[in-house]
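Thanks for making time. Have a look at the structure first.

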Amino acid sequence: VAGRVPSTAPYLTSAWVSIAPLRFGAGMKGKVGEALAAEIPVVTTPFGIQGYGLVDGESVMVATDAAGFADQVVRLLGDRSLRLRLAAAGLAVVGSHFSRQAISRRIPALVSAVATAPLRQRTRFSRLACWRRDARDWWSRHVGWRFR
């Protein structure tokens with residue numbers, strides 16, 4: 001176990017498989033996303049795929065117990081074509097949903113939704129109102145898109 005390291009890149013570049021035996025959690029898991037973005041096939045639990053839209057056997061391998069993890073890891077280590085296929089599919093999922101280009105395509109709709117969200121109580125949501133105004137100003141200055 002290496003403990004705290006300044007960068008995981010050297011470990012990822014030398015890895016054939018990433019193992020993320022997550023037992024609980026919600027949202028996206030950084031360990032899984034980082035490995036997928038580095039084009040490393042991942043063995044994880046159902047918790048590990050939450051928030052990514054990954055599919056067991058297509059873009060990631062899922063196991064629910066220690067024996068299942070061992071089986072999937074051994075299977076990946078012994079099957080180069082499966083490793084490469086999962087690595088490419090995982091990278092494609094991350095690229096299509098979480099790359100800078102994918103996120104930048106979603107920003108106008110997100111900012112517009114926030115900017116047009118109705119405010120029921122001005123005092124309760126004053127921070128949101130300020131954020132909306134700041135987001136509009138930033139977007140207009142940096143992107144050149146104007147809100148109406």
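One definition before we start. A crossing of two helices is called left-handed if the near helix is turned anticlockwise from the far one by less than a right angle, and right-handed if it is turned clockwise. Keep that in mind for the pair I show in a moment.

Note that this is a predicted model. The chain has 148 residues, and 32% of them are buried. There are six helices and three strands. Reading from the N terminus, the order is α-β-α-β-β-α-α-α-α. Now contacts. Take those with a separation of 6 or more: 48% of them link residues 24 or more positions apart.

On to the helix pairs. Two packed helices are described by the angle between their axes and the distance between the axes. So I will give both each time.

Start with H2, residues 30-37, and H4, residues 80-98. Their axes come within 8 Å and cross at roughly 110°. Angles of 65 to 115 degrees count as roughly perpendicular, so H2 and H4 are roughly perpendicular to each other. Which hand does the crossing of H2 and H4 have, left or right? It is left-handed.

Who makes the contact? On the H2 side, Gly-33, Leu-36 and Ala-37. On the H4 side, Gly-90, Leu-91 and Val-94. By class, the contact of H2 with H4 has four nonpolar residues, two polar ones and no charged ones.

Stay with H2. Which residues of H2 are buried? Val-32, Gly-33, Ala-35 and Leu-36. They span an arc of only 165° around the axis, so they sit on the same side of H2. What do these buried residues pack against? Helix H1 (9-13), strand E1 (18-20), strand E2 (42-44) and H4. Turn to the face of H2 pointing away from that buried side. There you find Gly-30 and Lys-31, both exposed.

Next, what follows H2. That is Glu-39, in the loop between H2 and E2. Glu-39 is not a glycine, yet its phi is positive, about 60°. Is Glu-39 buried or partly exposed? Its relative accessibility is 40%, so Glu-39 counts as partly exposed.

Compare a residue further along. Gln-72 lies in helix H3, residues 66-78. Its relative accessibility is 15%. The cut-off for buried is under 20%, so Gln-72 counts as buried. What does Gln-72 touch, leaving out residues up to four places away in sequence? Val-43, Met-61, Val-62 and Ala-63.

Last pair: H4 again, this time with H5, residues 100-116. The axes of H4 and H5 come within 5 Å and cross at roughly 30°. Under 35 degrees counts as roughly parallel, so H4 is roughly parallel to H5. From H4, the contact uses Gly-95, Ser-96, His-97 and Phe-98. From H5, it uses Arg-100, Ala-102, Ile-103, Arg-105 and Arg-106. How do the residues of the contact of H4 with H5 divide by class? Three nonpolar, three polar and three charged.

To put the two pairs side by side: H2 and H4 are roughly perpendicular, whereas H4 and H5 are roughly parallel. The contact of H2 with H4 has no charged residues, while the contact of H4 with H5 has three. That is my tour. Questions, please.

Key. Residues are numbered from 1 along each chain as its sequence is written. This is a predicted model: local features need pLDDT of at least 70, side-chain atom pairs count only at pLDDT 80 or more; totals for chains, interfaces and linings use all residues. Side-chain values use heavy atoms; hydrogens and water are left out. Axes are lines fitted to C-alpha atoms, for helices over the stretch in contact, and angles run from 0 to 180 degrees between N-to-C directions. Helices (H or I, at least four residues) and strands (E, at least two) are DSSP runs, numbered from the N terminus. Angles under 35 degrees count as roughly parallel, over 145 as roughly antiparallel, 65 to 115 as roughly perpendicular and the rest as oblique. Contact means heavy atoms within 4.5 Å. Ala, Val, Leu, Ile, Met, Phe, Trp, Tyr, Cys and Pro count as nonpolar, Asp, Glu, Lys and Arg as charged, and the others, Gly among them, as polar. Buried means under 20% relative accessible area, exposed over 50%, partly exposed in between (1.4 Å probe, protein chains only). The arc is that of the directions from the helix axis to the C-beta atoms.
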